[in-house]
Amino acid sequence: MSYPVVKITGLRKQFGDHEVLCGIDLEVHTGEVVCVIGPSGSGKSTLLRCVNQLETPTSGQVILLGVDVTDPHEDIDRVRRHVGMVFQSFNLFAHKSVLDNLTLAQTKVLHRPKAQARQVALDNLAKVGLQDRATARPDQLSGGQQQRVAIARALSMDPQLMLFDEPTSALDPELVGDVLAVMRDLAQAGMTMMVVTHEMAFAREVGDRVIFMDEGLIVEQGPAAQIITAPQTDRAKVFLHRVLHPTEIDDSELGQTEPLDPKLDHAEWQAAHPEAGL
């Protein structure tokens, strides 16, 4: 068994009176791809941000790459150098070229010589299929290309762990595939990844493990194919049914006692349902 890259114990996070994370216990091991799914507001993104200490937990412990990052005496920036994070928004410097976006942190944080940083940047742009856009500025790229640049920028720091917070949610549907393909390649290359996503096909295909969260708790977790296709808990079953079959509507949820008859025109429907008051 590989050692845990991330070990979370009793993690709680509260915003005012609202507890967003309610005691999370979780381990992520070297080379593992863990996909976190669940409804909006379930605590998925907060969990990811607590791993990298972009949010300070209310209580609990997060050990990241062997370091207790919840210890206030630890140098969190030293640990963050080994963790790449990709957000919903691209967070690229609009006034700098793609190449400059990739070399800035390398030279400032890792103190790499400019020539080495440039070569690392070009190599990572090649990995995401954008080596020919090195001189472009972000506003000259599509959303999908900008997100791939953001991934290449994170890879240029030689991370041991990659965190993805719904990286495709802000993209046009036709651009999603290119970003997911890059993430799939990273997984196949052995990168340790935590991915908050609504892309169920990606989670099933690429994830080693899927975690389903709701109301600040891990409700269910297990092998990706099992959780996506045969969840065990009622809450996970309802969520996944709604996500995988979005056009199917449960009449009981709408308060209807019978489905609407498409053969009736509006006047006939009014006559048949005077209680509607239309």
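Before anything else, one term: a residue is buried under 20% relative accessible area, exposed over 50%, and partly exposed in between, with a 1.4 Å probe and protein chains only. Okay, some ground rules. This is a predicted model, so local features need a pLDDT of at least 70, side-chain atom pairs count only at pLDDT 80 or more, and totals for chains, interfaces and linings use all residues. Residues are numbered from 1 along each chain as its sequence is written, and side-chain values use heavy atoms, with hydrogens and water left out.

How far can we trust it? pLDDT is the predictor's confidence in each residue, from 0 to 100. The protein averages 89, and 88% of the residues score at least 70. Confidence is highest in strand 9, at 97, and lowest in helix 10 (residues 266-272), at a mean of 50. Over residues 252-266 the pLDDT is below 50, and beyond near neighbours in sequence that stretch has nine contacts in the model, a contact being heavy atoms within 4.5 Å. Where pLDDT is low, the predicted coordinates should not be read in detail.

Now the overall picture. Of the 278 residues, 45% count as buried. We have ten helices and ten strands; these are DSSP runs, H or I of at least four residues for helices and E of at least two for strands, numbered from the N terminus. Take the contacts between residues at least 6 apart in sequence: 63% of them join residues at least 24 apart.

Six strands form an open sheet in the order 6-7-8-3-9-10, with mixed pairing. Two strands pair if DSSP finds at least two bridges between them. Strand 6 (83-86) and strand 10 are the edge strands, each pairing on one side only. Strand 3 and strand 9 run parallel, joined by four bridges, and V34 has R209 in strand 9 as its bridge partner. Strand 9 and strand 10, on the other hand, are antiparallel over six bridges, with V210 standing opposite G222 in strand 10.

What packs on the sheet? Helix 6 (residues 173-188) does, touching strand 3, strand 7 (161-165) and strand 8 (192-196), and its direction makes about 145° with that of strand 8. Those angles run from 0 to 180 degrees between N-to-C directions, using axes fitted to C-alpha atoms, for helices over the stretch in contact.

Then there's helix 9, which lies across strand 3, strand 9 and strand 10, running at about 100° to strand 9. Which residues of helix 9 (residues 234-244) are buried? They're A236, F239 and L240. Seen down the axis of helix 9, the buried residues fall within an arc of 90°, so they line one face of the helix. That arc is taken from the directions from the helix axis to the C-beta atoms. The partners they pack against include helix 7 (200-206) and helix 8 (224-229).

Most residues other than glycine have a negative phi. L65, in the loop between strand 4 (59-64) and strand 5 (67-68), has a positive phi near 55°, and at 19% relative accessibility L65 counts as buried. N91 also has a positive phi, about 55°, in the loop between strand 6 and helix 3 (98-108). Buried or partly exposed, then, for N91? N91 is partly exposed, with a relative accessible area of 45%. And E215 takes a positive phi near 55° in the hairpin of strand 9 and strand 10, which has two residues between the strands.
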